[in-house]
Amino acid sequence: MVIGAQWGDEGKGKITDLLSRSADLVVRYQGGVNAGHTIVVDGRVLKLHLIPSGILYGDTLCLIGAGTVVDPKVLIAELDMLLENNIDTSGLKLASNAHVTMPYHRLLDKALEHDRGLRRIGTTGRGIGPTYADKSERSGIRVLDLLDPHGLADQLQPVIRQKNDLLQTLYGLEPLDPESVIKEYIAYGQRLAPHVVDGTRTIHTAAQNRKNLLFEGAQGTLLDLDHGTYPYVTSSNPVAGGACIGAGVGPTMIDRVIGVAKAYTTRVGEGPFPSELQGDLNHHLTDRGGEFGTTTGRRRRCGWFDGVIGRYAVQVNGIDCLAITKLDVLDELAEIKVCIAYELDGEVIHDFPIDARQFARCQPIFKTLPGWQMDTSTCRALEDLPANALDYLSELADLLQASIAMVSLGPERDQTILVEDPIHGPKRGLLSH
Ligand code: IMP
């Protein structure tokens with residue numbers, strides 16, 4: 001399983017893409033089109049929001065699992081984009097019980113954010129929160145509903161009536177036309193029908209046939225609805241445990257958890273971020289690291305690597321080994337800081353405080369390390385790395401008490417150092433003392 005150990009955008013797409021090579025089935029288990037993977041293959045830049053990047057390997061099945069929320073319009077656009085690039089999409093499977101993002105979810109997401117004013121979350125505006133809210137409230141529309149035109153019309157009429165009430169009276173917005181929404185979604189159902197499966201059965205059939213399964217988390221640990229920096233979180237569970245619920249597997253089925261963390265930290269949207277940088281250094285990392293959202297194009301906030309949240313991520317996910325990405329982005333810096341602890345109301349703390357108000361008061365305590373000021377993007381083995389870069393990686397492994405199995409030094413597949421086999425390697429590896 002691959003999960004994000006920070007606030008999302010850790011470079012999971014590239015790591016999943018590399019590991020998908022040996023996977024027979026890749027499963028996405030939560031989130032929706034708020035996620036975005038940018039994958040570079042032979043110089044071609046492909047942006048995916050919902051479809052696991054495993055689709056690029058012709059014989060890998062990719063399942064969008066029950067715990068995801070699916071915006072069919074975006075999914076179809078993604079399928080079209082892949083087809084235009086001559087990529088076979090027949091391996092894409094869509095769990096029939098995944099929930100569907102409807103136009104009123106997108107409108108309500110934006111209206112709610114607007115209403116929150118200064119307390120806004122900074123959502124992606126893709127309707128994620130309202131889709132999950134309807135799922136919990138049991139008025140959601142599922143993929144299987146799109147396949148039954150008459151049933152869909154009956155189901156949607158009262159829901160749209162109620163949503164229109166909200167949109168008009170509470171937010172002063174134009175109502176939706178129920179007939180055109182129903183027609184639009186019936187057409188989506190027809191287009192997606194060949195991909196729809198019983199997701200749980202697909203997973204367990206693969207497992208019984210001793211196939212390799214790869215679970216792909218979207219967003220990151222600190223955006224987890226239960227374990228993240230609530231309320232500045234997404235509405236699903238990106239942590240490793242989310243895969244059990246979202247895919248329909250028991251914890252005993254997960255052999256290995258690979259945590260992906262950037263060599264520094266980024267965050268999009270609002271919420272506390274203790275190791276955040278201001279000024280020139282922030283801009284340097286944003287520009288050098290291309291830190292602009294795949295989904296919204298927003299500039300990501302940048303900061304130093306945060307060992308406190310990293311350690312927390314290792315704990316709540318049960319991370320076996322780490323993939324550290326974008327090390328090359330730090331190449332030019334003369335010195336690099338790492339947040340090793342926080343100061344909270346005059347006390348030094350080493351553990352992540354779950355209360356967002358306390359977290360907002362945390363001041364970072366940094367350790368300063370010398371930079372390496374050398375191009376690492378062409379390094380292909382640990383021995384090629386400058387000594388200071390190796391020391392930096394050791395520092396991260398020590399802080400997080402986890403071994404580093406992979407180091408990524410650029411967007412291309414081959415810009416990667418494989419320190420140890422992330423799937424079969426030892427659980428405590430070379431870089432952890
Ligand atoms: P939502 O998921 O659109 O509701 O947004 C909630 C929070 O999660 C906001 O701060 C978003 O910026 C953040 N978020 C959602 N998806 C991603 C992602 O894929 N990467 C980084 N941040 C994300």
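The following exercises, with worked solutions, concern a predicted model.

**Exercise 1.** Determine how helix H3 and helix H6 are oriented relative to each other, and which residues make the contact.

*Solution.* Two packed helices are described by the angle between their axes and the distance between the axes.
Step 1: helix H3 covers residues 103–116 and helix H6 covers residues 149–170; their axes are 11 Å apart, at an angle of about 20 degrees.
Step 2: angles under 35 degrees count as roughly parallel, so H3 is roughly parallel to H6.
Step 3: the crossing of H3 and H6 is left-handed.
Step 4: H3 contributes Tyr104, Leu107 and Leu108 to the contact, while H6 contributes Leu156, Val159, Ile160, Lys163, Leu166 and Leu167.
Step 5: sorted by class, this contact of H3 with H6 has 8 nonpolar residues, no polar residues and 1 charged residue.

**Exercise 2.** Carry out the analysis for helix H2 and helix H7.

*Solution.* 
Step 1: the axes of H2 (residues 72–84) and H7 (residues 178–192) cross at roughly 40 degrees and come within 10 Å.
Step 2: H2 and H7 are therefore oblique to each other.
Step 3: the crossing in which H2 passes H7 is left-handed.
Step 4: on H2, the contact is made by Pro72, Lys73, Leu75, Ile76, Leu79, Asp80 and Leu83; on H7, by Glu184, Tyr185, Tyr188, Arg191 and Leu192.
Step 5: the class count for H2 with H7 is 8 nonpolar, no polar and 4 charged residues.

**Exercise 3.** Identify the backbone features at Pro231 and Arg210, and locate each residue.

*Solution.* Most residues other than glycine have a negative phi, and most peptide bonds are trans.
Step 1: Tyr230 and Pro231 are joined by a cis peptide bond, with omega about 5 degrees.
Step 2: Pro231 belongs to the loop between strand E10 (213–216) and helix H9 (242–248).
Step 3: Arg210, a residue other than glycine, has a positive phi near 60 degrees.
Step 4: Arg210 is located in the loop between helix H8 (199–208) and E10.

Definitions and conventions
Residues are numbered from 1 along each chain as its sequence is written. This is a predicted model: local features need pLDDT of at least 70, side-chain atom pairs count only at pLDDT 80 or more; totals for chains, interfaces and linings use all residues. Side-chain values use heavy atoms; hydrogens and water are left out. Axes are lines fitted to C-alpha atoms, for helices over the stretch in contact, and angles run from 0 to 180 degrees between N-to-C directions. Helices (H or I, at least four residues) and strands (E, at least two) are DSSP runs, numbered from the N terminus. Angles under 35 degrees count as roughly parallel, over 145 as roughly antiparallel, 65 to 115 as roughly perpendicular and the rest as oblique. A crossing is left-handed if the near helix is turned anticlockwise from the far one by less than a right angle, and right-handed if clockwise. Contact means heavy atoms within 4.5 Å. Ala, Val, Leu, Ile, Met, Phe, Trp, Tyr, Cys and Pro count as nonpolar, Asp, Glu, Lys and Arg as charged, and the others, Gly among them, as polar.
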